[in-house]
Structures are given as C-alpha cells and as structure tokens.
Amino acid sequence: MPLQTHKVISCLLLCSTLAFGQVYNTEVEAKINLLDNSEFVQIEGSAINKTQLPFSLRYILSLIDNSGENPDKKDYSGRFILGPGEQKNLDTQTFPTKNQGKLTILLLIYNLEDQLIGMDRVVLNGDESDEVKRIVVNDNAIFSRKKDGGVSIRGITVEDTKTKFGRDFYRYFADEYRANTVNGLHPVTVKETFAIANTSKIELIINNNKLLEFILPPKDDVIRSYAAESVRMVSKYFRDQELNANQKIRY
C-alpha cells in the first residue's frame, strides 16, 4: 500500500551518492570484550583512539536478548572525551550464563556530527554465520570479533524511538528488512520525534542523510504497511547506490 494514500508529510529519496563499502574503526575503534565465569558474562565496551587528535564522542551499547518469544533490547549510552592514543572503557554490563538464548551485543560510536565512526558486534550462543570465535586466555573465555582492525558491516538497523507506536514500526521494519535480506552498505537509523498534536514523526536516516520522513498514524495495520513500503524504498536506494558505484568502476 503506497505511503501517499495515508497522507505522508514528505517522502524524499535522496540523490546524493554514498561511499561504497564504508569502513569503520579507522580513527576510533569500537571494541567489545566478554569475560566468562561460572555465573555470568561480563560485557565490556571500550573505545581506542588510533590518531594523535582528541575526540568528543558518544556511544550506544545495545544488548539484544533473543531467548524469549520476543527480543528484549536494552540500550546503554553516554558521552565521553577520548585523548590522543587513549583507550577508554565506556560501559560494563553483565549477562547470566544460565541463559542459553542468542544474545547480540552491538557497540556504536558517533562523532560530534552524529556520524557513525566506530562499530563492533558480538553474538553469544549464535552459529557460524555470526562470525564469532572463542579464544581462551588465562583460563577465561574471551569473545571477540573474527577479524581485527577496520570492519565493513552490512545489514545493520538502529532504533531511536520514543513511543510504543514508534517501537512497533521499528520492529515491523527490522523484521521485514531482514526477511528481504536487504544487507544495506550502511546502518539504517529509525528515528522518532514528536510532531504536532501529539503525533509521531518517523525519519529513516542513512549515513547522516535523511531518506524518508512521515507522520506515523497510531493504527497497527497502517504501521505495518508503512514499514513494508519503507523497506522497499530503502532496498531500492541501496540497489541504486551499488549500481552507481559499479558504473563508476567500469568508467
């Protein structure tokens, strides 16, 4: 069902070209380490400054527990200053080892322009496709990424919602996004802000550029249709970006 039939305020497909295959962790590296003992896993998120310049940054550490019927997502965030060559622990959380469900841990680091510059992802109790390996150090289990240094990660969605309807939209969007195996080159942020008359406005942001913007009606069937249409437009956007990049390479 087209978004226009529900009086979308605006729906803009940007024409600007994003860099093909963006690489994170080049200046500031996001790093997740997990220390496993008999009762719980200690989750440590840290940042490493690879340059000789100071940075003012913010982070979001997300724990997504898939052990229940519905995923449970918890976010921990903060702002920090990172000096030249400094490594800083940003946050420490714990997770019970008796929980055998899949746990996804995502650490995102943003600069003052709110651009994503550092990212790390670790999955516990996942499968080989999650690209996580287990390394034994000093009789303790340390979980880390499969490869060190800069990483290129596809198919990431980021939630920044405030209401139940916003969270419902994000859930429908994320489910549809993964079901269609979009695997976009850049993270897609679903951001909710308050609009007039206690309504919510949804923005879909890719690489700090606004792709879509519309008022979200508080009706479940309409929210589902908006989410499905948004995924189709995001998918088309990424296909166009890859096509443009391939054409530039040929020329």
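Reader: Is N183 buried, exposed or partly exposed?
Author: In this predicted model, N183 is partly exposed, because its relative accessible area is 35%, and partly exposed covers values from the 20% cut-off for buried up to the 50% cut-off for exposed.

Reader: And where does N183 lie?
Author: N183 is found in the loop that runs between α1 and β11.

Reader: Which residue is 3.6 Å from N183 in space?
Author: That residue is G155. The distance of 3.6 Å is taken from C-alpha to C-alpha, while N183 and G155 are 28 residues apart in sequence.

Reader: Let me turn to α1. What span should that helix have, and what do its ends show?
Author: Helix α1 covers residues 164-179, which is 16 residues. At 1.5 Å a residue the helix should span 22 Å, and the C-alpha atoms at its ends are 22 Å apart, so the two values agree.

Reader: Which residues of α1 are buried?
Author: The buried residues in α1 are G166, D168, F169, Y170, Y172, F173, A174 and Y177.

Reader: What happens just after α1?
Author: Just after α1 comes T181, with a positive phi of about 50°.

Reader: What about V182: how far is K236 from V182?
Author: The C-alpha atoms of K236 and V182 are separated by 9.4 Å, although the two residues are 54 residues apart along the chain. K236 belongs to helix α2, residues 220-250. K236 is partly exposed, with a relative accessible area of 39%.

Reader: How does R232 compare in its place and its distance from V182?
Author: R232 also has its place in helix α2. The relative accessible area of R232 is 43%, and R232 is partly exposed.

Reader: New topic: what is the volume of the second largest pocket?
Author: The volume of the second largest pocket is about 350 Å³.

Reader: How many residues line it, and which lie nearest its centre?
Author: The lining of the second largest pocket has 19 residues, and those nearest its centre are R58, Y110, D114, T189 and I205.

Reader: Which strands supply the lining?
Author: At least two residues of the lining come from each of β3 (55-65), β10 (157-160), β11 (188-194) and β12 (200-206). The largest share, 3 residues, is supplied by β10.

Reader: What kinds of residue are they, by class?
Author: By class, the lining of the second largest pocket holds 8 nonpolar, 6 polar and 5 charged residues.

Reader: Why does the second largest pocket lie between the two domains?
Author: Domain 1 (28-139) and domain 2 (153-249) both give residues to the lining of the second largest pocket, so the pocket lies between them.

Reader: Which residues does D114 contact, leaving aside its neighbours within four places in sequence?
Author: With those neighbours left aside, D114 is in contact with R58 and N208. D114 and N208 are 94 residues apart in sequence, yet 7.2 Å apart in space from C-alpha to C-alpha.

Reader: What can be said about N208 and its phi?
Author: N208 has a phi near 70°, a positive value in a residue other than glycine. N208 is in the loop between β12 and β13 (209-216). The relative accessible area of N208 is 39%, and N208 is partly exposed.

Reader: Finally, the whole protein: how many helices and strands are there?
Author: The protein has 2 helices and 13 strands.

Reader: And what percentage of the residues is buried?
Author: Of the 251 residues in the protein, 45% are buried.

Reader: What percentage of the contacts join residues at least 24 apart?
Author: Among contacts between residues at least 6 apart in sequence, 63% join residues at least 24 apart.

Definitions and conventions
Residues are numbered from 1 along each chain as its sequence is written. This is a predicted model: local features need pLDDT of at least 70, side-chain atom pairs count only at pLDDT 80 or more; totals for chains, interfaces and linings use all residues. Side-chain values use heavy atoms; hydrogens and water are left out. On a 1 Å grid over the protein atoms alone, a cavity is a set of points where a 1.4 Å probe fits but cannot get out, and a pocket is an open set with protein on both sides within 12 Å along at least five of seven lines; lining residues have an atom within 4 Å of a point. Grid points are joined across faces, edges and corners, and a volume is the space filled by probe spheres set on the points. Helices (H or I, at least four residues) and strands (E, at least two) are DSSP runs, numbered from the N terminus. Ala, Val, Leu, Ile, Met, Phe, Trp, Tyr, Cys and Pro count as nonpolar, Asp, Glu, Lys and Arg as charged, and the others, Gly among them, as polar. Domain bounds come from an automatic or database domain assignment. The expected span of a helix is 1.5 Å times one less than its number of residues. Buried means under 20% relative accessible area, exposed over 50%, partly exposed in between (1.4 Å probe, protein chains only). Contact means heavy atoms within 4.5 Å.
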